[in-house]
Amino acid sequence: MARSWPFAGRAAQLTEIRSAVRGVVVVGPPGVGKSRLVAQAVHEAEGVAWVRATAAAAELPLGAFAALLPSTPPAGNPLGWAADAVRAPVLVVDDAHLLDAASAALVHHLVTRGRTKVIATLRTETPAPDAVQALWKDDLLPRMELGPLTAQESAAILERALGGGVERSAVTRLWQASRGNALYLRELVLSGVLAEVGGVWRWRGPLAITPSLRDTIAGRIGDLTPDEREVLEFLAYGEPLGADLLSALAASAAVERLEDRQLVTVDVEGRRLQVRLAHPLYGEVIRRGCGTLRARKLLRRLADTVTETGLRRREDVLRVAVWRLDSGAAADPALLLAACDRARMVRDLDLAERLARAAAAGGGLPAAMALGTVLFYADRYTESEEVFAAAWKLEMDDNSRTNCGVSRAFNLFWGLGQVERAMALIEESERSVTLLHARQGARGTRASLEAFTGDLDRATATLRSAMTMGPFTEPRNVRAFGTTEATLLAVKGSAAESLRVVARTEAVLDSVPHALPSLRAALLEAATQAALHLGDLDEAERYADQGRGLDGEFGAWARAVVEFGAHKARVLRLRGRVADALAACREAAVRLPPRGVWAGLCLGELAQAHALLGEVAAAEEALARAEAIGLPIGPPVVVPVEHARLWTLAARGDVAGAVAAALDLAERALPVQVPFLLHDVVRLGRPSLVAARITGEGPLVALFARHAAATTGAELDAVSLEFERLGLILYAAEAAAHAARRHRDKGMTRTARAAQTRAWALSRRCQGARTPALLDLDVPDLTPRQREVALLAAQGLTNREIAERLVVSIRTVANTLYAVYEKTGVSDRTALTDLLG
């Protein structure tokens with residue numbers, strides 16, 4: 001970790017402070033980073049004097065300025081004497097709201113005199129001396145409102161402080177806990193709440209606060225009356241609470257006083273007033289001040305009061321169940337199971353497991369099913385199988401038999417990679433039930449598993465037979481069959497039709513009270529594949545981001561991060577952002593279980609990113625790990641590993657071996673994967689081998705075919721431009737490099753130089769990618785003066801304007817531009833602008 005907490009973001013505010021002629025007043029809540037921002041703004045300025053106001057110094061006239069003033073004041077005008085003594089061209093006044101009246105008057109005088117640039121900070125909504133308020137009220141200085149750090153700014157600070165990437169869910173938790181307060185963020189990190197795993201910093205919780213942060217927050221809370229403390233205690237254990245509910249628990253007058261003191265907030269949500277603590281960390285301090293017996297008493301009162309209202313809100317079931325558990329009181333198994341289901345939906349799997357185990361004492365089969373499902377989501381597959389195997393022996397009706405069989409089969413298939421056992425269990429489930437919708441559900445599940453193994457003909461037949469068994473009477477079957485149909489269409493390469501089914505099924509899923517994350521994940525997987533097949537990177541990235549969001553607020557569902565993190569990385573790679581793709585894969589890879597299906601997808605993408613960057617050893621290490629922990633049960637997770645292997649061969653210089661591997665892999669891949677593999681052969685310089693084989697739906701596949709069939713440099717130039725239009729920058733750079741070679745072979749030197757320069761410019765956007773097509777690109781050899789003139793011309797300046805800017809003749813500018821055009825191969829300012837970006 002960096003010894004000094006780094007500064008990041010706030011670029012606009014820095015510019016405003018530095019460009020202010022007379023100064024500025026920076027206003028914000030405590031800990032938001034006012035002092036740090038000002039220090040960053042003036043750290044390179046000369047002659048900066050600092051005045052730090054304190055409550056103690058405010059007891060003395062001009063006490064804050066004591067260090068800047070002579071020891072003996074004159075007999076005459078003390079204000080003029082003090083102003084003359086402050087000779088610094090820049091004066092920073094920190095915490096100006098604490099200034100005594102004389103010091104505030106001196107600051108006002110310095111500003112009106114205009115010889116000193118004054119930068120002052122003060123707290124939001126804190127009374128300040130009249131002379132300080134007059135600085136912005138009389139338009140002497142601008143007032144800058146400084147808000148909390150954004151999540152993106154917090155992430156940038158964390159990565160610089162920790163010297164590595166920070167997992168998204170960890171950033172989200174820290175940002176939510178700190179509310180963008182820079183001081184709180186720093187103290188939370190120093191508490192040790194993060195741990196480094198595989199080069200990525202992850203949340204290891206539970207939330208902890210340092211003694212200094214606890215003292216800071218306790219000071220902010222201040223002294224409390226007994227009824228005020230009771231209000232804060234109820235909120236610390238139960239927020240948010242409705243205003244009416246809180247009034248039934250505690251004194252309304254105390255709530256009003258706390259709102260006036262800005263210790264609680266009251267927000268309008270629909271027709272309700274919701275009361276919350278003004279900052280999440282207040283709850284940590286309040287709870288630490290409660291003994292065990294008092295905490296249990298508070299929790300029981302919360303549970304009883306909310307139960308009396310009828311558990312009207314979805315969250316009430318979960319909250320009441322947890323309060324009952326934490327208070328030591330017995331809870332109804334039905335309540336615990338309903339709460340377990342809700343916790344699983346929001347992906348708080350630790351809490352879901354706790355609730356399921358608490359329900360197990362009297363919950364019977366439903367409790368066992370809930371526990372087995374939670375363990376499956378938590379990647380504890382062996383434990384899940386033990387629970388499901390025991391439940392399978394119990395007496396149950398058709399619906400329960402089907403649900404148990406499907407859940408157990410999912411765990412065997414996706415968790416343990418035991419394909420044959422999973423298929424046999426599904427068939428047994430179908431044979432052992434009589435209800436039509438139960439048999440339909442089992443058969444539809446079998447179709448989805450067959451599709452993943454790559455047996456598309458059998459999967460299609462199974463799905464069709466299930467759909468012809470009779471009308472759908474079970475809503476879950478409607479959702480599941482739509483998802484399976486979308487998946488089959490996507491992997492077959494019928495991308496447009498798949499996306500239509502996705503849209504239709506999404507509408508059905510959106511109508512369900514619960515999120516159904518497993519079905520939604522499968523649907524988003526199909527949508528991502530289909531969008532990529534069509535070359536719509538924006539849509540593919542949107543679907544991948546939605547999939548990663550299924551990890552939930554608590555960041556406990558690793559599959560979402562692993563699967564959709566890999567898809568996100570693939571989109572980034574196709575955009576040419578290879579280093580960003582590598583970072584996305586690294587974050588995903590740290591969430592892999594010791595052994596699992598999705599390792600092949602994630603580590604294959606990681607290895608390919610390493611290979612494209614020329615990092616052969618790292619690529620081979622990732623491939624070895626994929627072999628060790630992956631479960632190769634189908635093309636979706638097998639092909640990515642082999643795909644990375646062929647690019648690792650290319651990175652070693654074995655292009656012929658890579659071409660052979662691509663051709664072989666295309667014979668075994670899913671239809672949706674084949675065009676990309678055949679196009680790899682084109683990228684590796686062997687288009688004649690596949691020119692007649694690239695077929696399929698959509699503009700991207702058609703462009704792949706054009707790339708393979710192109711016979712002239714002009715055709716390859718056009719292909720490159722189209723790749724760039726679609727956002728496939730790496731492919732655009734490679735096609736431009738191919739065009740340069742084709743032009744050169746025809747003796748078209750200038751055109752070849754233009755294409756090569758364009759390939760070089762595009763490759764610069766690929767974050768260091770080193771594919772065979774890009775290895776021998778020459779950087780245009782521009783002198784410093786030529787580069788300077790080229791950049792000005794690219795910005796739209798005329799020759800005369802450039803000459804005036806550089807103090808040279810117009811003829812010199814014209815001659816220099818002519819040399820630039822000769823070296824780069826472009827012929828006008830528009831092309832130069834495109835080249836230099």
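Student: Why is Glu620 called partly exposed?

Tutor: The model is a predicted one. Glu620 has a relative accessible area of 32%.

Student: What makes the contact between the side chains of Arg652 and Glu620 a salt bridge?

Tutor: The N to O distance between the side chains of Arg652 and Glu620 is 2.3 Å. A salt bridge requires a side-chain nitrogen of Lys or Arg within 4 Å of a carboxyl oxygen of Asp or Glu, and therefore this pair qualifies. The two residues link distant parts of the chain: Arg652 belongs to helix H31 (residues 635-652) and Glu620 to helix H30 (residues 616-629), 32 residues apart. Elsewhere, salt bridges with shared partners connect Asp538, Glu541, Asp545, Arg548, Lys568 and Arg575 in one network. The structure has 51 salt bridges.

Student: Why is Glu284 called buried, and what is Arg287 called?

Tutor: The relative accessibility of Glu284 is 14%. Buried means under 20%, so Glu284 counts as buried. Arg287 has a relative accessible area of 28%, which lies between 20% and 50%, and is therefore partly exposed. Their side chains meet in a salt bridge of 2.7 Å, N to O. Both residues lie in helix H13 (residues 280-288), three residues apart, or about one turn of the helix.

Student: How do you know that Glu383 and Arg380 form a salt bridge?

Tutor: Their side chains meet at 3.0 Å, N to O. Glu383 is partly exposed at 32% relative accessibility, and Arg380 is partly exposed at 28%.

Student: What is Pro30 called, and on what value does that rest?

Tutor: Pro30 has a relative accessible area of 30%; this lies between 20% and 50%, so Pro30 is partly exposed. Pro30 is found in the loop between strand S1 (23-28) and helix H2 (34-42). Leaving aside residues up to four places away in sequence, Pro30 touches Arg123 and Asn181.

Student: Which residues touch the most other members of the largest nonpolar core?

Tutor: They are Leu174, Leu355 and Phe723, in a core of 208 residues. Helix H17 (residues 349-377) gives the most to this core, with 16 residues. Apart from it lies another core of 32 residues, including Ala64 and Val93.

How values were computed. Residues numbered from 1 in each chain as written. Predicted model: local features only at pLDDT ≥ 70, side-chain atom pairs only at ≥ 80, totals over all residues. Heavy atoms only, no water. Helix = DSSP H or I, 4+ residues; strand = E, 2+ residues; numbered from the N terminus. Buried < 20%, exposed > 50% of the residue type's maximum accessible area, 1.4 Å probe, protein only. Contact = heavy atoms within 4.5 Å. Core = buried A, V, L, I, M, F, W, Y, C linked by side-chain atoms within 4.5 Å.
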